[in-house]
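Here is a short briefing on one helix and on some backbone angles. Have the chain open as you read.

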Amino acid sequence: MSTDIIVIGGGIAGISAAARLSEHAQVTLIEAEKQLGYHASGRSAALIEVNYGAASVQALNRASIAFLHEGGYLSPRGLMIVARQEEKAAFDSDLAAMGVVQITSQEALGFVPVLDPDTLAYAGYHADAHDIDTDRLMQDFARQLRSNGGTILTGQRVQAIRRVDDKWQIETESQTLEAKTVVNAAGAWADTIAGLAAVAPLGIVPHRRSMARIAAPGGHDTAGWPMFFGVGETWYAKPDAGALLVSPADEDPVEPHDAWPDDMVLAEGLDRYQSMIATPLTKPIATWAGLRSFAPDRTLVLGPDPSMPDFVWCAGQGGYGFQTSVAASRLVANLTLGRASELPLSVVAALRPDRLRQ
C-alpha cells in the first residue's frame with residue numbers, strides 16, 4: 001500500500017496531525033491497538049489551563065483555545081490550589097507560576113465543601129480552566145482525516161521500518177506500507193519507532209501517572225466543583241460524572257507498556273488528598289494508570305528530524321496533548337510541508353527536534 005505520508009500513532013497527537021496533513025496530501029494513520037486513543041489519550045485529565053506548562057507549551061495552549069471554544073469542546077471547570085500552614089512558600093510559588101488569585105478559606109469551602117477547615121490554611125482559584133470533550137475532539141479529527149480521503153488502520157503494530165531508495169517501507173503484522181514521509185506520533189514508543197527507522201532517539205521517556213475514581217465524598221454533588229490541587233501538584237482531584245477522580249500526580253519513569261497503577265504510590269497519593277479532606281475516604285470504584293511521555297526539557301518535540309527531514313517528530317506531549325493539539329498539529333503540518341508557521345520563531349525553535357541534537 002502506497003501513500004504520501006504515514007502517521008504512526010492513533011492518540012490525539014497522531015490523529016490531529018494526520019487530519020491537518022490530509023488537507024494537502026494522501027495520509028494513512030496506523031495504530032498498534034484496535035482502537036484510537038487507547039493509551040495516554042484515553043486516560044487524560046481532559047483539562048485546559050493556558051498557564052500550565054513550559055513557555056512553549058503555554059504558547060501552544062493560547063494558540064489552541066479559541067478553536068476549542070468556538071468548536072464547543074470546552075465547558076467551565078475552574079482550578080483551585082489548596083495548602084497547609086507549613087506550605088506557604090510552595091503555595092506562593094504556585095500562585096505566581098499559574099496566575100492563580102488567592103482566596104479565603106471560606107471561599108474555598110464554598111467551592112469544595114468537603115475540605116477540612118482545620119487543615120486548610122491557603123487557597124487560590126482561577127476560573128479560566130475548562131474541561132475538554134476529548135472524545136468528540138478525537139472523533140472530529142478522525143472524521144476530518146477520512147473526509148479528506150485519508151485512511152485509519154488499527155491493530156497494525158509496526159515491526160520493521162526500512163529505507164528503500166527515497167521512501168520509507170513500514171512493515172506491520174499484516175501488511176507493508178510505503179510513503180515518502182513518516183510522522184512519529186507513537187507517544188511512549190516514540191524513541192522505539194525512531195530506533196526501528198535508524199533515527200537517533202531523543203530521550204523521550206514515559207512516566208506513569210496513576211488514578212483512582214472514588215464515590216462523591218459525603219454524597220455531595222461534585223458537578224460544579226473545580227479541579228483542585230495540592231501545592232507542587234503532589235495530588236489532584238477532579239469531578240467526573242458524579243464521582244471524583246483522585247491522582248497522586250506521580251511521574252515515575254517506566255518502560256513503554258500498557259500501564260497499570262502502583263498500589264503503594266496510589267495509596268500515598270490518596271493519603272495526601274485525605275489529609276486535606278474532612279469526609280472519610282471510601283474504597284476506590286476503579287483504578288488505572290497512563291503514561292505521560294517527556295523529552296529531556298519537558299516540552300513537545302514537533303517537526304522534521306535534522307538528520308532525516310522526511311522523518312517527522314510529533315512526540316513528547318507529556319500531559320499537554322489535548323490542550324495543545326490544535327496548534328501543535330498545525331505546526332507539525334506546516335513544518336512537514338515546508339510552510340510558514342503563525343507561531344513566533346522563538347516558540348517554533350523551542351519545539352523543533354533540532355534543539356535536542358545540539
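The points below cover the helix first, then the backbone angles.

This is a predicted model, in which local features need pLDDT of at least 70, side-chain atom pairs count only at pLDDT 80 or more, and totals for chains, interfaces and linings use all residues. Residues are numbered from 1 along each chain as its sequence is written, and side-chain values use heavy atoms, with hydrogens and water left out.

**Helix α3**
- Helix α3 spans residues 88-98; helices (H or I, at least four residues) and strands (E, at least two) are DSSP runs, numbered from the N terminus.
- F91, D94, L95 and M98 of α3 are buried, meaning under 20% relative accessible area, with exposed over 50% and partly exposed in between (1.4 Å probe, protein chains only).
- These residues lie on the same side of α3 because they cover an arc of only 100° around the axis, taken from the directions from the helix axis to the C-beta atoms.
- A89, A96 and A97 are exposed on the other side of α3.
- The buried residues of α3 pack against β5 (79-83), β6 (101-103), β7 (122-126) and β14 (227-230); contact means heavy atoms within 4.5 Å.
- G99 follows α3 and has a positive phi, near 65°.

- Most residues other than glycine have a negative phi.
- A198 has a positive phi, near 60°. A198 sits in the loop between α6 (190-196) and β13 (205-215). A198 counts as exposed, at 71% relative accessibility.
- E233 has a positive phi, near 50°. E233 is in the loop between β14 and β15 (236-240). At 21% relative accessibility, E233 counts as partly exposed.
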